[in-house]
Structures are given as C-alpha cells and as structure tokens.
Amino acid sequence: MDRTPLVVAATDGSPASTEALIEAADEAARQDAELEIVFVWEWPAHERHGADRDVLSDYVERIRRDAAEIARTRQPGIGIRTSVVHDTPVPGLLEVAKRADPLVMGSRGRGGISGILLGSVSLALAGRASCPVLVVRTGVPADRPVLVGVAGEGSRPAVERAFVEARARGVGLIALHAWDLPEIPRALREAQGTESPYHRAQEFARHVLGCVVAPIRERHPRVAVEERVVRAGGGAALIEASRDAGLVVVGRHHAPHHFGPRLGHAAIALLHHGHAPLLVLPSD
C-alpha cells in the first residue's frame with residue numbers, strides 16, 4: 001500500500017516560522033498529504049532536571065499546541081501531528097527530512113533557546129537534506145507564477161517539479177535560461193546581425209531552453225509557460241526574476257565531497273537575496 005505523503009514544517013514559534021507553517025499546511029492540502037509539525041532543540045545540561053526543564057517543557061508544549069491550531073484553522077481537512085526532536089538543529093532536521101516532501105521552514109527565526117531557523121540552518125539543510133527543502137519568505141502573493149532556472153539537461157528534474165508545483169497552485173510557469181559572453185571583446189558581444197557571436201549565442205540559449213522545456217510542457221498542457229532568455233549571470237537573473245514569482249524551484253548540484261553545503265551559486269544567491277519562497281531539490 002502506498003505511503004501517505006508527508007509535509008514537515010519546522011517551527012520555533014517565531015513569526016517567520018508561523019508563515020512557513022501556513023505554507024506547509026497549504027502544501028499538505030495540495031498534495032492530499034499529512035502535516036507533521038516539528039520543534040527541534042537540544043537540552044543544555046543545566047536544563048535537563050528541575051524547574052527549568054518544567055518551564056521549558058510547558059513552553060514547547062504551548063508552541064506545539066498553538067502551531068497545530070494555526071495549521072488546523074488554515075486547512076481543517078488535513079491530518080496533523082506534532083513532534084519534538086531533542087538534538088541540535090541541523091542533525092535533528094536532517095533526520096526528520098528522511099520522511100518529508102518537502103521540509104518547510106522560514107528563512108529566519110528567533111534566537112535563544114528556540115532559535116532553530118537561523119539563516120545558517122536554512123542554508124545547511126538546503127544543501128544537505130535528502131528531501132526537497134522549501135524556504136518560505138513572507139508577504140509573497142500566492143497567485144504569482146512558479147519560476148525555474150534552466151541551465152541545461154541537468155535542470156530537467158527541477159523543471160519537472162516546477163510544472164507540478166505550477167499545476168497544483170493553478171498558476172503559470174516562467175522557465176528562465178541565463179547566458180553571457182564574458183570571454184570576447186565587448187564590441188563582439190553586441191547585436192550585429194544574424195551572424196554575430198551575440199546572435200548565435202542567443203539563439204543557442206533559446207535552443208537549450210526549448211529542448212529541456214518542450215517535452216515536459218507537452219505533459220502539462222494546462223500550465224501557461226513563459227520561456228525567458230536573459231543575458232546575465234544565472235544567480236543575478238534568478239534574483240531579479242524572483243520579484244515576479246510566487247515560488248522559485250532550483251536543483252542542487254551533486255558534490256563528490258561531504259564538506260559544507262552542496263549548493264550551486266544560484267541557489268545560494270537566492271537563499272540570501274531572493275524575493276520569493278525557494279524550493280531546493282536534492283541531487284540524485
């Protein structure tokens with residue numbers, strides 16, 4: 001029997017994590033999935049016994065109860081459960097990620113005893129989690145299109161997921177390919193007719209984008225698609241285009257080592273400077 005899909009929301013009670021929780025509830029409804037709300041924190045040695053532990057346990061229980069009520073009010077038809085993981089933030093959430101699609105979190109959170117959603121944690125999870133990670137930004141209209149960056153054939157999984165997300169949200173899709181000619185003189189980089197290096201590079205960029213998008217587009221005929229070719233660096237182009245997006249989808253590059261985040265420059269730039277929620281897909 002097929003397993004019921006599970007969306008996991010990481011919360012610390014902060015306003016940003018509450019926005020992420022609302023998005024997670026909506027995502028669970030779109031997927032007909034269950035929602036698990038997770039609070040992760042490590043017991044410091046001096047808090048493991050006595051009155052401090054009782055106070056903090058009450059604090060966590062209040063966050064769990066309030067979070068479940070917010071999600072239930074937002075999407076009354078979904079199944080909801082809550083859990084507490086006693087671990088440091090990154091290892092704890094990496095373990096949780098093994099059962100999630102996606103893991104949803106805010107880009108920032110509160111500090112102190114409940115600070116699990118700091119930018120460094122979002123960055124680490126986006127780079128290492130075994131499931132898709134959705135980093136939510138507040139105040140972004142839900143009716144904006146999904147944006148996906150297309151670098152070449154390696155972007156196909158991200159494009160596939162972007163079409164699925166656009167269809168589920170009932171919005172359009174922007175497929176963006178960025179290109180540039182950094183290694184030739186400036187005069188040759190300007191448009192000078194159909195045989196110029198500029199024109200040939202631009203036509204090749206359109207060809208690359210079309211080859212990746214076309215077969216997937218055929219399987220999703222109801223999704224309106226804008227194919228956008230931009231002369232710029234990939235990260236800068238996606239950041240600018242994210243102003244028009246309700247969600248950005250990027251893939252994570254495979255790395256042969258295990259030290260640090262395994263993210264491309266564009267994904268890192270979007271995590272730091274993007275204007276829309278970011279869905280980072282794990283590498284195969």
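This is a predicted model: local features need pLDDT of at least 70, side-chain atom pairs count only at pLDDT 80 or more; totals for chains, interfaces and linings use all residues.

Residues are numbered from 1 along each chain as its sequence is written, and side-chain values use heavy atoms, leaving out hydrogens and water.

**Overview.** I found 9 helices and 10 strands in the protein chain; these are DSSP runs numbered from the N terminus, H or I of at least four residues for helices and E of at least two for strands. Of its 284 residues, 48% count as buried.

**Helix 5.** I looked up which residues are buried here, and got Ala158, Val159, Arg161, Ala162, Phe163, Glu165, Ala166 and Arg169. The 14 residues of helix 5 reach 20 Å from first C-alpha to last, close to the 20 Å expected at 1.5 Å a residue (1.5 Å times one less than the number of residues). Gly170 follows helix 5, with a positive phi near 70°.

**Helix 1 against helix 5.** Helix 1 (residues 15-31) packs on helix 5 (residues 156-169) at about 90°, with axes 10 Å apart. That makes the pair roughly perpendicular, a label for angles of 65 to 115 degrees. The axes are lines fitted to C-alpha atoms over the stretch in contact, and angles run from 0 to 180 degrees between N-to-C directions. Which residues meet? I noted Glu23, Glu27 and Arg30 in helix 1, and Glu165, Ala168 and Arg169 in helix 5; contact means heavy atoms within 4.5 Å. By class, I have 1 nonpolar, no polar and 5 charged residues in that contact, with Asp, Glu, Lys and Arg counted as charged and Ala among the nonpolar ones.

**Core.** The largest nonpolar core has 40 residues, and Leu93, Met105, Leu147 and Val248 have the most contacts inside it. Such a core is a set of buried Ala, Val, Leu, Ile, Met, Phe, Trp, Tyr and Cys residues joined through side-chain atoms within 4.5 Å. A second, separate core of 38 residues includes Ala28, Ile216, Val225 and Leu247.

**Ser242.** Buried or exposed? Ser242 counts as buried, at 1% relative accessibility. I placed Ser242 in the loop between helix 8 (234-241) and strand 9 (247-251). Beyond four places in sequence, Ser242 touches Leu147, Val248, Leu270, Gly274, His275 and Ala276.

Key:
Angles under 35 degrees count as roughly parallel, over 145 as roughly antiparallel, 65 to 115 as roughly perpendicular and the rest as oblique. Buried means under 20% relative accessible area, exposed over 50%, partly exposed in between (1.4 Å probe, protein chains only).
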